Amino acid sequence: MSQYYMLLKNGMVDFEKLLIDKYSFIGLDEVEAMFLIKLKRIFDSNSKISEIVIINNLVQTMSINEKQVTDLLVKLINSQYISLKIVDNKETYTLDDTYKRLASVLDEENFEEEKEKNEN
């Protein structure tokens, strides 16, 4: 597992800043990036997360309507940016897949920097 993944997962790296800087490198557009940033804030502030909580919160804080929020949530789950697990009829959402993608970009950048140093 990447060191960057663990740093992101444990909040040691600023997820919002990193996502704003790197969203295009992991295949997101601006709305999707903002969606994930706001979703992370919901995860950080609520202990009970459900699809209804997510949708209601995002509809209130974004300029997209309920159908667009729902469609985007489904799209990001299907595209493996958001993980959804159902255990004992409880939904569990995580951004682990997004952390992995961001960590991969950082690992690649780190590798390129090391390669460049070795060539010089």
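What is the mean pLDDT of the protein, and what percentage of its residues reach 70 or more?

## Confidence in the model

The mean pLDDT of the protein is 90, and 92% of its residues reach 70 or more, where pLDDT is the predictor's confidence in each residue, on a scale from 0 to 100. This is a predicted model, in which local features need pLDDT of at least 70 and side-chain atom pairs count only at pLDDT 80 or more, while totals for chains, interfaces and linings use all residues. Residues are numbered from 1 along each chain as its sequence is written, and side-chain values use heavy atoms, with hydrogens and water left out.

Confidence is highest in helix α5 (residues 66-78), at a mean of 97, and lowest in helix α6 (residues 96-119), at 82. Where pLDDT is low, the predicted coordinates should not be read in detail.

## Overall layout

The protein has six helices and two strands, which are DSSP runs numbered from the N terminus (helices are H or I with at least four residues, strands are E with at least two). Read from the N terminus on, the elements follow the order α-α-α-α-α-β-β-α, and the C-alpha trace spans about 55 × 30 × 25 Å along its principal axes.

## How the helices pack

Helix α3 (residues 30-45) packs against helix α4 (residues 51-61) at an angle of about 125°, with their axes 10 Å apart; axes are lines fitted to C-alpha atoms, for helices over the stretch in contact, and angles run from 0 to 180 degrees between N-to-C directions.

The axes of α4 and α5 come within 9 Å and cross at roughly 125°, which makes α4 oblique to α5.

## The largest pocket

Which residues line the largest pocket? The lining consists of Phe-43, Asn-46, Ser-47, Lys-48, Ile-49, Asn-89, Lys-90, Glu-91, Thr-92 and Tyr-93, and strand β2 (residues 90-94) gives the largest share of it, four residues. A pocket is an open set of points on a 1 Å grid over the protein atoms alone, where a 1.4 Å probe fits, with protein on both sides within 12 Å along at least five of seven lines, and its lining residues have an atom within 4 Å of a point.

Technical notes
Parallel < 35°, antiparallel > 145°, perpendicular 65-115°, else oblique.
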